[in-house]
Amino acid sequence: QVEWLKNEEPIDSNLDENIDTRADHNLIIRQARLSDSGNYTCMAANIVAKRRSMSATVVVYVNGGWSSWTEWSNCNARCGRGWQKRSRTCTNPAPLNGGAFCEGMSVQKITCTSLCPVDGNWEVWSEWSVCSPECEHMRVRECIAPPPRNGGKYCEGLSQESENCTEGLCIQDKKPLHEIKSQNIETASDIALYSGLGAAVIAVAVLVVGVTLYRRSQSEYGVDVIDSSALTGGFQTFNFKTVRQGNSLLLNSSMQPDLTVSRTYSGPICLQDPMDKELMTESSLFNPLSDIKVKVQSSFMVSLGVTERAEYHGKAHSGTFPHGHNRAFGTIQARNKAMYIQNLSSISTTSELKTTAIFGHLGGRLVVPNTGVSLLIPHGAIPEESSWEIYLAITQKESSLQPEGTDVLLGPEVTCGPSDLSVSTPFALTIPHCAEVNSEHWNIHLKKRTQQGKWEEVMSVEEETTSCYCLLDPYACHILLNSFGTYALIGEPISDCAVRQLKVAVFGCLSCNSLDYNLRVYCMDNTPCAFQEVVLDERLQGGQLLEEPKLLHFKGNTFSLQISVLDIPPFLWRIKPFTACQEVPFSRVWCSSQKPLHCAFSLERYTPATTQLSCKICVRQVKGHEQILQIQTSILENERETITFFAHDDSNFPAQMGPKAFKIPYSIRQRICATFDTPNAKGKDWQMLAQKTSINRNLSYFATQSSPSAVILDLWEARHQHDGDLDSLACALEEIGRTHSKISDVTETEIEEPDFSYSRQNGL
């Protein structure tokens, strides 16, 4: 007697028409249903004994299907250009038991334009009407100049008014309506009024003369900006903190006070600059903004503007920059300081940022030192018994990618190759960017250059696709690709609140004239390679970093950038004419094509005995963010300290091959993949692994891979190439509930459950 068991329960084909038990004892399931999933066992019995077959596990996969699109949302902009979106979910049905995810986009965005509200305004009053029997006349007006539209406000005030038309002399019913006051009282009132006005005029005249004499006495000393309180922009007073100790990033670290002021205001800025001399510089680097136009509006007001030409005359060089671009400059603990500090003199003078290495089947990592650009070749991506020479380079010349309109090149143009090679497993390319990540303000695209030199769009970062994958972190974009080539990130601002992060740094050096000192303020993209270029340029010019760089949030609201020097010590220093404040148009900053923007300020000592300089550098966007950099340094050559700065140790290891290139040991990686690649009815599979490692979008890409867990771990390796935080990964595995336990369906097929022992000492 033969019978079939499903999950140890007998199957009765008479109760289920979908199941048929044939005479040859085969079990037929006519149409697969989700309820048919289970473990099936065949059992034969006679009067002597029973025999059972091995269990056959049946897993019914359900492919996901899209739900209907939601309605388009309202335009997010109340006035002008904005965007609206609609969405759908992969729940009709939802994928189960490892079924395929829906293909396509889950969110669609389109641009929209909202009509701006127009407030109403009164037309001119009509002529007065004829005087009525009641001794009054009236006039009217209408709210039609223009009328309110698109929800604008109605005019405030009265639409008609009336008044006596006989100056109070109209007599009605033989009774006076107004009695004229006596002439003597009126005359006395006029005398008092005129006397008060005369006294006020005299007081104002005396005050004006006093202020004029005071300002002339101050201008004799040649002081352009005496104190920040002289600014009409409303700068506040600043409190100095305690002196920082041991900051090797700065000149004369024992003297440096820390002044960090960050606020937003919208007041105008006016600077006193009565001097009338030409700005003397010794090289083109000291005057890069050759298009600055100076217009003197009054004897004390200077307005500067720059033409719309977005061009920078300078040569790009490699330099050294602290990796981990999401960290600000700061003091490292003493036990780690020795291995991270690198002198500026150790920077290579080559102008090509390129790294090359030979990789085999074991894979490895390729890094362009101190730029934030890296390439991860997974284990098994290259065929066995093969060796490929792979290179990674950053384009330093002017990029051939010219963004359209207000689009912005957010990071360096990166090339990996050779382009004729293709890998079997996706590799991870990391490119730094300078955008403040917000899907409501930015639409970021990945573009690739074709062999013909044209650029084509690969994907949008928010797009759901199975061809490649983009993971946008706050300071870098990690891209999973199958083909080499030249790639770049383009940002399309979809609102005025889109923020481009700029790093502000100040360098200084003595000029050929021993009494002059030059300050150069740089505003560059907040990417490591942009800062590295500036550092090397300054090294060639003999410049010294005077203050820790600050981060400025530059909005795409079309307002310009102002850079000014404040609080120069009187009687010790004076600033050269027309350089107290420099203003750069919005388009010059926003569309800079990765070239650093810098402004030069020339200061002059009154005597050679002055060796200390203290002042403030104010960098602000009109109606936007502001940063204050406190400068306090010695200008003597023999007191200068070598610029040092903190960097990751990838400058010593630009290429790593084999297991040492990966944070996760290969044996543990294999056990993780063997466990999580297996579909599980409880959902504890690679999808849960992706969720616990902060990968919550475009999971359909991983579903198409032969080992989804391996690709997820490759992406984790790319994101944690510097910290290698194995503790967080081990904690994620524990949260899933697969550590120190065995999965029942894996046990039935006699596959041992991997045992992930977690310890704080060794990570995994």
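**Exercise 1.** Which residue of strand 20 stands opposite Val368?

*Solution.* A word on the model before the steps: it is predicted, with local features needing pLDDT of at least 70, side-chain atom pairs counting only at pLDDT 80 or more, and totals for chains, interfaces and linings using all residues. Residues are numbered from 1 along each chain as its sequence is written, and side-chain values use heavy atoms, leaving out hydrogens and water.

Step 1: helices (H or I, at least four residues) and strands (E, at least two) are DSSP runs, numbered from the N terminus. Step 2: strand 19 (residues 364-368) pairs with strand 20 (residues 373-377) in the antiparallel sense, over five bridges; pairing requires at least two bridges found by DSSP. Step 3: the residue opposite Val368 is Val373.

**Exercise 2.** Classify the aromatic pair of Tyr469 and Tyr701.

*Solution.* Step 1: rings of Phe, Tyr and Trp (its six-membered ring) pair if their centres lie within 6.5 Å; planes under 30 degrees apart are stacked, over 60 edge-to-face, the rest tilted. Step 2: here the centres are 5.8 Å apart with 35° between the planes, a tilted pair. Step 3: Tyr469 belongs to strand 27 and Tyr701 to helix 7 (residues 700-703), so the pair ties together parts 232 residues apart in sequence.
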